[in-house]
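Look at the sequence and the model below. We start with a sheet and end with a pair of helices.

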Amino acid sequence: MIRFRVLGPLSVLGPGGEVQPLSSAMQRRLLAVLLSRPDRPVSVDLITDQLWPGPPPRTARKAVQVYVHQLRRLLGDADRIRHQDGRYRLAAAAEELDSLVFEAAVRGARSAQEAGRSAAALAGWEGALALWHGTEAFADLEDSSLVLAERRRLAELRLEALTGWAASALALGRHHELTVALPALLAEHPYQERLHALHLLALYRDGRQAEALAAYRALHERLVTDLGVEPTPELRRLHGRMLRQDRTLETPSAAGPRPVRQLPRAVPGFVGCTVELARLDELAGTVGNTVVITAVAGAAGIGKTSLAVHWSHLAAERFPDGQLYLDLHGFGPSGTALAPEEALRALLEALGTPPEQMPRGLQARAARYRDLLAGRRMLIVLDNARDSEQVRPLLPGSPRCFTLVTSRNGLTGLVAGAGAHPLLLPFMEAEEARRLLSSRLGSARLDQDPAATAAVIAHCGGLPLALAVLAARAALRAEPGLGPLAAELAATAGSLRAFAVPEDRSTDVQAVFTWSYRALSPSAARLFRLLGLHPGPDLSAAAAASLAGHPVAAELAELVETHLLLSPAPGRYALHDLLRSFAAELTDGADGSRPGAEEEGRAAALRMLDHHVQTAQAADRLLAPTRDPVVLPAPLPGVRPETVEDPLAWFATEHQVLLALTAYAEAAGLPTAVGQLAWALGTYLNRQGHWHDWVSVQGAALEAHRRLGDLRGQAVTGMNLARARTRLGHFDLAEPEYLRARDRFHALDDAVGLGHVHLNLGWMCDQQGDRHPEALAFAELAAGHYRTAGHEVGRANALNAAGWYHSQLGDHAGAVARCTEALTLQERIGDRRAQANTWDSLGYAHHHLADHAEAVRCYRRAVEIQEEVGERYQIADTLVHLADTLAALDRTEELRAALEQALTICQELDHPDRTAIATRLAGLAPLSP
């Protein structure tokens, strides 16, 4: 399902949640105009007025048709934007557009508040506000009156939601939380007197009458000075009642008895977890039919307790017989979890059992506990559980009770054996993290230095505990923005020192991680330490086994179960950035606490690199079977290379991993591994158009071969670096590198190497557009070198290149002869990639011989093979050539399709050809509306 987001910057999310690129400012404006009137027709004239604030161009209507066509392709549904009677209508279901979801949530919260259901209203207001990913709708669009009007309307609804949220929270006695959160909202809405009234009342109820009166005086002065008006009668009456200390201003007593109320204070400024809160609400709605147990799991510091306590306060009125809360100390500084028998003692005491009547033994206490809960509607929060065995005796038997368990462990036994509903907490998104910081520091302070704020958020990696620690640190400082804090974090990158809280180990990030680590089995603890060495974003199970030097399926399962390791996809594993820093510090062993730690880490790093080198070289051989082979030594002991069946898919999965490992090997002073990884990556990076990455790894490899004194490695790597620069059009850098490579191959008396370098010099001359005679001469030199060396693959490529250059010089018949000879050789050898290139050359020659039908056949054959071997840019290049022939045949629709496909590829590759292709597309005959 496509989703549209306008509550903040405009964006479109695909079915998998991925952001769909909007390729131009005009495309964004058009989409914004249509979304400002969802499911309502908008005339072309009105659209034109909105897209061009000044006088529109003469081609405006045609341009609108093109933009609509592009949007339809982006959305993957031609019926999404319909045309009738000169008007366009964008169809958007209620759940597809966040502004519609927001309005529905506002209506629900408003109804709950009017009915006096404060807790339900509060949950509704929070759910509505959580949909915003900014403070302003259509935040990145300014010049459309329709969009501006919709922005103002949504801003009014957002203000209603903010005010409703504050009023509901106040009605539930959460005045202290409001004294923290409302100042930031008042800074955003300085003249909203209803919000000021709620803030004054919250201060008063929090026992801060003097502050409330001072806040009223400050507001009075601001209104008179800025607007020339007095406060509203409502505010003046409230001020008078505060002066009289009117007892009716105090928090109303909650109706109904609350015999047990053990919930700890909720965390101020709680943000996020909208989906999880809704799921808890849904599960709570089934209480009375069955025993409901929910197991909230997640990494250390991710906010499990905060969520449980926050929701429990919201839901407290659903459980009139009370709320029990118990910290089971499953993970803590003592390392000793609360025994079930002792936990039951605490729960029975809370339920009124006197010491002299306390049953002895686990079974007797569990029976009394279940008996006391029978028929009572209660909420039981069991926080920080070690494992399922600790929790199982504490579960009630009454279907009127709701049990909420939190743990760093996945509690699989509880889910499987007791039917618990698992709820896994994710890491915070950047916008949620910003909201958390804003609730602690105020949005004005975050806006002082947006780059520093973003850096602080990124450093915390979405971990709420880390954000809370840094927010507390920033709150104690006098700087207006977060620049100095961000600079300190940058200076301690890769360390947890920035999150140390010596006076409170429960909020010290490193201490919290340590409690989880100490609960691991020895083998899982060792694997966790070694995973800190891996620099990539994630790794496979096979790579983890090589890193450890033995199979690690059980250890991986344990780390995932305890949320010290993520599993973002089946068979893939990743460490959160802060956990990676923690693991790396454990692996370092610099404190001497683990003798032999340094040697263990070095051996594991070598196995890690060897695993990826061995597997990448094997994958490259599958991808380019005719490439000159590289002989590797046998795998290191304990290394288990992967068996690759789909090399393109494997490289795509490991792309960022291999780049990170190359940089790791370079920094670690392992030049051989740098050269091996760069060689193995070359084919994939070239074919998939990752040319900037290709330049980077080849540059690192060239320096590595220089350090090794390896002349052949320098020759090969220098030539590949020049090829990558040629791909990017950096000819002034490529040519001298080619010439240095040629000199090295001469010194080595390497005929094959000389063939390669001359062939690539010819290709570079061809790319420059005005050096075709030189290109042909280089191709013929290359063919001679290959013939001398008996290198048939190279000779065939040189023949095709010579054929292409003959065509560029006007000798198309000669081109067909050379290319046909090349194709015969390539088919005999089985070189598919080279065959694709030759079919493209033949298509070009036949086109210029006016044999257009044969040219189309050749081009389509080339594209077919290029798609098979993964040559992304070559596909685009061939499609442009095909478009020339289709234009000659007046096959306009096929021509448009070919150019659109080529444009998409070039845009994804950020290739300069995209401009010329887009211009050519825009000049085609208009589309039907």
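How many bridges join β8 to strand β9? There are 5, and the two strands run parallel. Strands here are DSSP runs of E, at least two residues long, and helices are runs of H or I, at least four, both numbered from the N terminus. Two strands pair if DSSP finds at least two bridges between them. β9 covers residues 379-385. Aspartate 327 has its bridge partner, aspartate 383, in β9.

This is a predicted model, in which local features need pLDDT of at least 70, side-chain atom pairs count only at pLDDT 80 or more, and totals for chains, interfaces and linings use all residues. Residues are numbered from 1 along each chain as its sequence is written, and side-chain values use heavy atoms, without hydrogens or water.

Now take the whole sheet. It is open, with 5 strands in the order β8-β9-β10-β7-β11 and parallel pairing. β8 (323-327) and β11 (421-424) are the edge strands, each pairing on one side only. Helix α13 (residues 340-350) packs on the sheet and touches β8 and β9 (contact: heavy atoms within 4.5 Å). The direction of α13 makes about 150° with that of β8 (axes are lines fitted to C-alpha atoms, for helices over the stretch in contact; angles run from 0 to 180 degrees between N-to-C directions).

Move on to helices α32 (residues 731-748) and α33 (residues 751-768). They pack at about 165°, with axes 9 Å apart. α32 is therefore roughly antiparallel to α33, a term for angles over 145 degrees. Among the residues in contact are Phe731 and Tyr738 in α32, and Leu754 and Trp763 in α33.

Note on methods: Angles under 35 degrees count as roughly parallel, over 145 as roughly antiparallel, 65 to 115 as roughly perpendicular and the rest as oblique.
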